[in-house]
Amino acid sequence: MRTRTSSRRQFLQQSGLGAASLLTAASWSRVYGANENLRLASVGVGGKGWDDLTRISASPKVAVVGLCDIDESESFLGRAVTKFKGAKTFTDWRRLLDQSKEFDAVSVSTPDHMHAPIALPAMALGKHVFCQKPLTHTVFEARQMRLAAKKYGVVTQMGNQIQSHEAYRTAVKLVRDGTIGKVKEVHSWQSGKLGWMLAADRPKETDPVPEKVHWDEWLGVAPTRPFKAKLYHSFNWRAWQDFSNGQLGDFGCHILDPVFMALGLTAPLTVRGESSALNREVWSTWSVAEYVFPSTDYTAGKTLKLTWYDGEGKLPPRDRLAIAADVKLPGSGSLLIGEKGSLVIPHVAAPKLLPDATFKDFKVEKVLAVDHYIGWADACRGVGKTTSHFDYASALTETVLLGTVAIRVPGETLKWDASALKVTNSKTADALLKKPYRKGWEPTWV
Ligand SMILES: NC(=O)c1ccc[n+]([C@@H]2O[C@H](COP(=O)([O-])OP(=O)(O)OC[C@H]3O[C@@H](n4cnc5c(N)ncnc54)[C@H](O)[C@@H]3O)[C@@H](O)[C@H]2O)c1
């Protein structure tokens, strides 16, 4: 494993600062040599984290030096330790960050409630960050991620990897090229099963914490609750408000991403939500969120309406789509209705132009995929740039999470002031932009 001592020394000499000069995290992150290996530490190495870790480390320029997971068993930390021999291991990310001189970059693939609490201090230490989607658990945290990435000058990427896939890249180009004209309305949906919805409320029963699971560290910033097998760790935490944002939180940053990118959307003006009945514990079984965005160069009219639908079998109402009755919609994706035609962007498959008769001779120019993971690692080394950097990803996440705020105040049209980070006409909704943190685990804000 190479260290950065030589390049740091060179930088100090070249810049005339001298070794005694104080180097801030931001300036330190910019002196990284393009020919050096990136020293990676990964937090959350089971589930999607395993995929993230193996894909980033597929670059010959990445050395995995740190592994952190709250579950020491074979399917989680154990497997990573076997593959990445020599990497230091941790069960508490705070102890990993204590050894910050040992690594340059961090990937965060934990459940959603721990993204910001881990990524923010990592960025404050000058570490480049790859963080899973949705970027955060609250709207306020998403804004903090953007501010931190800017303040500390680090290279960032959210894990909405389909953005780099040929299908989404081609869809973005089709819209940007004006193939369907300016876009008048968008419908986006995820009609799949909520396989993780295993309870309707908090269980009365508890289970002993498995020997190799560090439950208190799993809970992290969330209020404590007893362990219950299968309901939370692993994967099924998605059902619970303390850890996730339900189906919209889970899929919004994927499915709305090509719409955001193609249309150049940033923040909505208003959002209105409705859903199945909610208690304080689990997310809804279906929801609808209606966003109104200001116009952009790629939209028609003064505003653009985008409606999100989720829930098993929930597709947008056919009579609002202006497409032929025999067009079969994918189980999840978006329909962009333009002035000259429509575009279906399935999640994940090649985009389809409609109506067939209009586009039957149209040659779609494919945009080849790029590597979302190695692209980040390369950008950390000064080679190229990321596309889902936190400046972009935080705006997308804020929008997605505003939908999950809106469904908790159903039927109210919430007015959003993005620059003030405020819902201006509902104190209840405004309060939901933030959340309380467990004592002793409060993040430090930018
Ligand atoms: N981009 C995608 O396509 C995609 C797909 C699946 C999941 N995800 C995202 O990846 C993240 C993880 O989801 P998952 O389905 O893999 O969840 P999971 O529960 O299956 O895995 C989470 C991993 O993190 C570990 N972990 C939990 N808390 C931790 C902590 N505080 N410190 C260190 N390790 C911790 C767990 O032991 C496990 O190894 C989520 O943010 C999810 O939204 C993204």
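**The ligand site**

I started with the pocket. The ligand sits in the largest pocket. I noted that this is a predicted model.

Next I looked up the shell. There are 29 residues around the ligand, and K48, D69, D112, K133 and Q161 come nearest. I sorted the shell by class and found 9 nonpolar, 12 polar and 8 charged residues.

Then I asked which domains supply the shell. Domain 1 (5-161 + 374-387) and domain 2 (164-197 + 233-369 + 398-431) each give at least three residues. I also checked helices. At least two shell residues come from α9 (215-219), and at least two from α10 (246-255).

**Polar contacts and burial**

The side chain of D112 has an N or O atom 2.7 Å from an oxygen atom of the ligand. For T110, a backbone N or O atom is 3.2 Å from a ligand oxygen atom. For G159, a backbone N or O atom is 2.8 Å from a nitrogen atom of the ligand. How much of the ligand does the protein bury? Alone, the ligand exposes 840 Å², and the protein buries 93% of that.

**Backbone notes**

I moved to the loop between α9 and α10, where I found K230. K230 is not a glycine, yet its phi is positive, about 70 degrees. S234 is in the loop between α9 and α10 as well. The peptide bond from H233 to S234 is cis, with omega near -5 degrees.

I logged another cis peptide bond between H347 and V348, with omega about 5 degrees. V348 falls in the loop between β12 (342-346) and β13 (352-354).

How values were computed: Residues are numbered from 1 along each chain as its sequence is written. This is a predicted model: local features need pLDDT of at least 70, side-chain atom pairs count only at pLDDT 80 or more; totals for chains, interfaces and linings use all residues. Side-chain values use heavy atoms; hydrogens and water are left out. A residue is near a molecule or strand if one of its heavy atoms lies within 4 Å of it. A polar contact is a pair of N or O atoms within 3.5 Å; within protein, one must be able to donate a hydrogen and the other to accept it, and residues adjacent in sequence count only if both atoms are side-chain atoms. Accessible areas come from the Shrake-Rupley method with a 1.4 Å probe; for residues, only the protein chains shown count as cover. On a 1 Å grid over the protein atoms alone, a cavity is a set of points where a 1.4 Å probe fits but cannot get out, and a pocket is an open set with protein on both sides within 12 Å along at least five of seven lines; lining residues have an atom within 4 Å of a point. A molecule sits in a cavity or pocket if more than half of its atoms lie within 2 Å of its grid points. Helices (H or I, at least four residues) and strands (E, at least two) are DSSP runs, numbered from the N terminus. Ala, Val, Leu, Ile, Met, Phe, Trp, Tyr, Cys and Pro count as nonpolar, Asp, Glu, Lys and Arg as charged, and the others, Gly among them, as polar. Domain bounds come from an automatic or database domain assignment.
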